[in-house]
Amino acid sequence: LDIAREKAGIIEPTSAVGGEETAPLVEDEAPADLVSSLSRAESRDDVAAAVLGEAARLLRRAALFIAQPDRVIGWAAVPAPPEGLRSFSLAFSEPSLFASLRNTEGFYVGPCPDLPGNRRILEALGTTFPAAVAAVPVSLKGKSVLFLFGEARPGEAPPKAMELKRLGALTAVALEILLLKNRLRSL
């Protein structure tokens, strides 16, 4: 059944990678410079720069994609991708990691599933299939608003899922704070 689901392009989000999450969690503190950058953020672009700076420490390539009601669009990446990232658009109706992870608390770390949508994502980032990747939804109020997507460095193990989940959670908190700051300014 799992093989049939995989061939049909159905990817199940996971909450564990290689037993990593089964061990007792030890809460490491987020890097102080990241927390400082996120707390000073005055715009979404400031949040993106801080998050991608940290993601670059963990991944060969990292990008943020904005989740819209029916699609995902490209936003920002490190290193700078080809020109087409900002014009990148992928409908949730097209099978991809984004469609599978949409509005979930799941994530994916491993070989990039061979789906046309995933190949388009890699192409937008300036890399080719096959690749080891990580995808983490960033959610506000149970709804995916961003996706953190990255390519692992060749020959290295992919980053630990908990590091990426924490980065996604920090991104969500920073966006919530930014929304509250903007609401305060408008009162």
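V78 counts as partly exposed because its relative accessibility is 26%, where buried means under 20% relative accessible area, exposed means over 50%, and partly exposed lies in between (1.4 Å probe, protein chains only). This residue is placed in strand β2, and its C-alpha atom is separated by 6.6 Å from that of A56, although V78 and A56 are 22 residues apart along the chain. If neighbours within four places in sequence are left aside, V78 is in contact (heavy atoms within 4.5 Å) with L52, A56, R60, R61 and A62.

The structure is a predicted model, in which local features need pLDDT of at least 70 and side-chain atom pairs count only at pLDDT 80 or more, while totals for chains, interfaces and linings use all residues. Residues are numbered from 1 along each chain as its sequence is written, and side-chain values use heavy atoms, with hydrogens and water left out.

The protein chain has six helices and six strands, where helices (H or I, at least four residues) and strands (E, at least two) are DSSP runs numbered from the N terminus. Of the 187 residues in this chain, 43% are buried.

Two of the helices can be set side by side, with the expected span taken as 1.5 Å times one less than the number of residues.

| Helix | Number of residues | Distance between end C-alpha atoms | Expected span |
|---|---|---|---|
| α6 | 26 residues | 38 Å | 38 Å |

The buried residues of α3, among them V47, V51 and E54, pack against α2, β1, β2, β6 and α6. In α6 the buried residues include A161, L164 and L178, and the buried residues of this helix pack against α2, α3, β4, β5 and β6.

How do α2 and α6 lie against each other? Their axes, which are lines fitted to C-alpha atoms over the stretch in contact, with angles running from 0 to 180 degrees between N-to-C directions, come within 9 Å and cross at roughly 25 degrees. The two helices are therefore roughly parallel to each other, a term used for angles under 35 degrees. On the α2 side the contact is made by L34, L38, S39 and R40, and on the α6 side by L167, L170, A174 and K181.

Methods:
Angles under 35 degrees count as roughly parallel, over 145 as roughly antiparallel, 65 to 115 as roughly perpendicular and the rest as oblique.
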